[in-house]
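Hello,

Here is the structure I said I would pass on. Please open it beside this message and follow along; my notes come after it.

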Amino acid sequence: MRSKQFMFILFTVIFMISCSKDPGRIDVSWQLIENQYRGKNQHKGEVTITNHSRHTLTNDNWTYYFSWFRTVLDGQESEIIDGETINGDYSKLYPTEKFPDLEPGESIRFPLIGSHYALHRTDAPTGGYFTVKKRFGPDVIIPSGDAEVLPFPEGEAYRRAEYDNLPAEDAGLRYEENRALSLLEGKKLPPVLPTPAYVQYLGDTFHITDEVDIFYYQGLGNEVRYLQERLKLAFQTDIMKFKFRSKDFKKYADTRIILNLMEGDPESYRLEINPNTGVLIYGSDPAGVFYGIQSFFSLFPPETLKGPVKKIDLPRIVIEDGPRFPYRGMHLDVSRSFQDKKHVLRFLELLAGYKFNKLHFHITDDEGWRIEIPDLPELTEIGAFRGHTEDEKDHLQPALGSGPYPDPENSPGSGYYSREDFIEILKFAKSRHIEVIPEIDMPGHIRSAVKAMEARYDTYMEAGKPDSAEMYLLTDFEDSSRFSSAQRFNDNVANPCMESTYRFVEKVIDELIAMYREADAPFTTLHIGGDEVPRGAFAQSPECRKFLESQNAYNAPDELHKYFTERVSKMLQERGLFTAGWEEVACKHENGGRVPDPSLVDENILVYIWNNIWGWGAEDLGYKLANTGFPIVMLNATNFYFDFAYGRDPQEPGLYWGGYTDTRSAWEFTPFDITKCAEETLYGNPVDPDMFNNKVFLTEEGKRNIRGLSGTLWGENLRSWERVEYMAFPKVLGLAERAWRAQPEWARTAERDERVKKREKTWNVFVNKVGQDELPRLDQYGVQYRIPLPGAVIENGMLKANIRFPGLTLRYTTDGSKPFPTSTRYTEPVPVTEGDTIRIAAFTSNGRSSRIVTLP
């Protein structure tokens, strides 16, 4: 990274020399005017440019570059502005001949027509900057940042289609959704989360102090170190540990903690807190002991977790527990938006607390390559950085709001993990019983590597070394295929017909193996992506034409995806690794859709199911794959895409192409029968039960092939760690409950009305547990989880309010002032008078506040 940082410093110095003065700034605002503009799948917005720079913007001296999830459409209405989408989400606007001079201090406004619709502030242009031509020297770069988003319209102008019946979220809608919830006594809540299989209370309480000693058996060194660290955090003093000696056993009684192994199912444990025996934590394996330790700390009052305290009161209790699924995971995309090592370690720690055991680590994609491969330095020197560029020979183009400068300190688009960083992550994950499953997305979604290897090619060709230049090349330069990927790239595929592509893949795999070996961490599976290879790719590639003509097993360009999967899978098998991939890797196309490809079952591919959107036709694809014999992990977008916005509120960040997700979306998922959680389409219309009449349901073999569940955090909108935590928590808690806890009774109930009644009762218990115990626990660790907005209405002159997670505190004012942690607490309906302006917000145990709700 040093060489890249040096280049950035040099870039900055040159830029400063070229400008004798601060160029100032240019502000941009954007406002949605109308969706369904002119009855088409497009929207009209309005852009205002305010020139605070020292440059006059003329009709030929400037360009505005920005990232946009929408396409700049041809035929813009404005006479003074034109524009285009360059590649991916990288877009630009520029003046026409009719653009009037914009002097410093002046503003200009014009319409901008974009594809689709805009419902959230994250649909606005982001990461913008201007380039202004100078008479001499390089262009001046003037950052403008994210566009200021002005208020959205209401009513029909905000609706995305005539069949869209999903209402915009407001205080009244939230009040109705929360109406059935009530605050429960603590004794009616499960002692820990995820909810244990068996709990027995032994009465009274047990006191643990800083005089406690730990006894542990051989093979549990990692677990006892973790226990010591956590106890030291609470008591602010060292806790003694001893390898167990039976002759000393009776001397310690209630001042001891014993860690031991027992017979049982994988990852299961037994926790007993009893003054006659002390604290006993037994596990079927070290992971089981670790989860028993997590449950032990879940019993600590939240305020004691970080100490210092002298005594902690715990219930006398027996818990016997074990997981429902062997795969309990979270996916983290650091390619689109880079997250540094310390935050990845923090994420692993938080996941471990809720008994997750897999991190699906998405470390490469079109927008960034995030792992150092020593013999291919271009991957990180070029593929790990984004910034303004004419040819991408020095770094990738901007994307996803990353802005003009390839600076890891100031841009979420730049950065990578050194070999040492990655090994440290692996070691830490192993200590928390989390297996890191890396994803090298290919043969699509690999633009960062494609561009890096093209730059490598140029370097070696200039040096007169063609063999070295072509060694790891991913591009057929004679390929004239035209395509557009799901993210609108036209050059994001590795050619599957070139041997250099497989030399590249082999090199990356072997380097990963070496890192895992040095970390002494488990490496069982490589996720190869395999998703969204664009139609039309390779169709005009001479290399692929030559390959197809040379053999009989593959007959057309659209079969080359399978060829690539089989070759890479064999490569992994030879190294003792399993292949994982998105659902596309196990499918073939028939009758315009994807169906399982039985010929790939013997490849032992772990298939990740994602595209189940209600009404799109693939709702049962996961079941078809499981029934065919593929092991699957369910990451169904409708329930587990945690980068989706929490709800239809313009102020909520996130994507929503497949709907919205919140804590309940994950909690109510029913993996063995998805019809029981299919209630509403992404347009707010009830799911028609008849939709499933011709769908496939799970066989008993299919049930056994469901390895587990996972949430996803795609990085397009996660441009800060605070945003990651906001989108992840508390959604992660719903997933933890569903992945660990045995199938709940309500999910086994066939009759719908009875099932809903049981479900709502169980949901009330869960949200109380979250609100009363888990959110205060997260507060202790400073987690920036999303605080739900209050539901509120004024009925018959009375203010009535509620909250998604009982246990959070509601505070309000009636004079229009901002509520603070010292404002009046809402506990029951409050009389209000005409003319009052009510402002109410939810507050956490450490004084953070939700956004404020204003009535009327």
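**The second largest pocket**

The second largest pocket holds about 1300 Å³ of space. Its lining is made up of 41 residues, and those closest to the centre are E177, D662, S665, E680 and R804. Please keep in mind that this is a predicted model.

Which elements give two or more residues to this lining? They are α2 (171-178), α14 (637-640), α15 (663-667) and α19 (752-780). Helix α2 provides the largest share, with 5 residues. Sorted by class, the lining has 14 charged, 11 polar and 16 nonpolar residues.

Next, a sheet. In general, the strands of a sheet pair through backbone hydrogen bonds, and the pairing is either parallel or antiparallel. In this model there is an open sheet of 5 strands, paired antiparallel, and reading across it gives the order β4-β5-β3-β7-β8. Strands β4 (81-87) and β8 (140-145) form the edges, since each of them pairs on one side only. From one strand to the next, the twist averages 20°.

What does β7 pair with on its two sides? With β3 (residues 62-67), strand β7 (residues 126-132) pairs in the antiparallel sense over 5 bridges. In this pair, Y65 stands opposite Y129 of β7. With β8, strand β7 is also joined by 5 bridges, and the two run antiparallel. There, V132 stands opposite V140 of β8.

Is β7 mostly covered or mostly open? Strand β7 is mostly covered, with 7 of its 7 residues buried. Buried here refers to a relative accessible area under 20%.

**Helix α5**

The last item is helix α5, which covers residues 341-353 and has 13 residues. From its first C-alpha to its last it reaches 19 Å, close to the 18 Å expected at 1.5 Å a residue.

Which residues of α5 are buried? They are H343, V344, L345, F347, L348, L350, L351, A352 and G353. As background for reading that list, an α-helix has 3.6 residues a turn, so residues three or four places apart point the same way. In α5, both F347 and L351 are among the buried residues, and you can find them on the helix in the viewer.

After the helix comes K355, which has a positive phi, near 65°.

That is what I have for now.

Regards

Note on methods: Residues are numbered from 1 along each chain as its sequence is written. This is a predicted model: local features need pLDDT of at least 70, side-chain atom pairs count only at pLDDT 80 or more; totals for chains, interfaces and linings use all residues. Side-chain values use heavy atoms; hydrogens and water are left out. On a 1 Å grid over the protein atoms alone, a cavity is a set of points where a 1.4 Å probe fits but cannot get out, and a pocket is an open set with protein on both sides within 12 Å along at least five of seven lines; lining residues have an atom within 4 Å of a point. Grid points are joined across faces, edges and corners, and a volume is the space filled by probe spheres set on the points. Helices (H or I, at least four residues) and strands (E, at least two) are DSSP runs, numbered from the N terminus. Ala, Val, Leu, Ile, Met, Phe, Trp, Tyr, Cys and Pro count as nonpolar, Asp, Glu, Lys and Arg as charged, and the others, Gly among them, as polar. Two strands pair if DSSP finds at least two bridges between them. Axes are lines fitted to C-alpha atoms, for helices over the stretch in contact, and angles run from 0 to 180 degrees between N-to-C directions. The expected span of a helix is 1.5 Å times one less than its number of residues. Buried means under 20% relative accessible area, exposed over 50%, partly exposed in between (1.4 Å probe, protein chains only).
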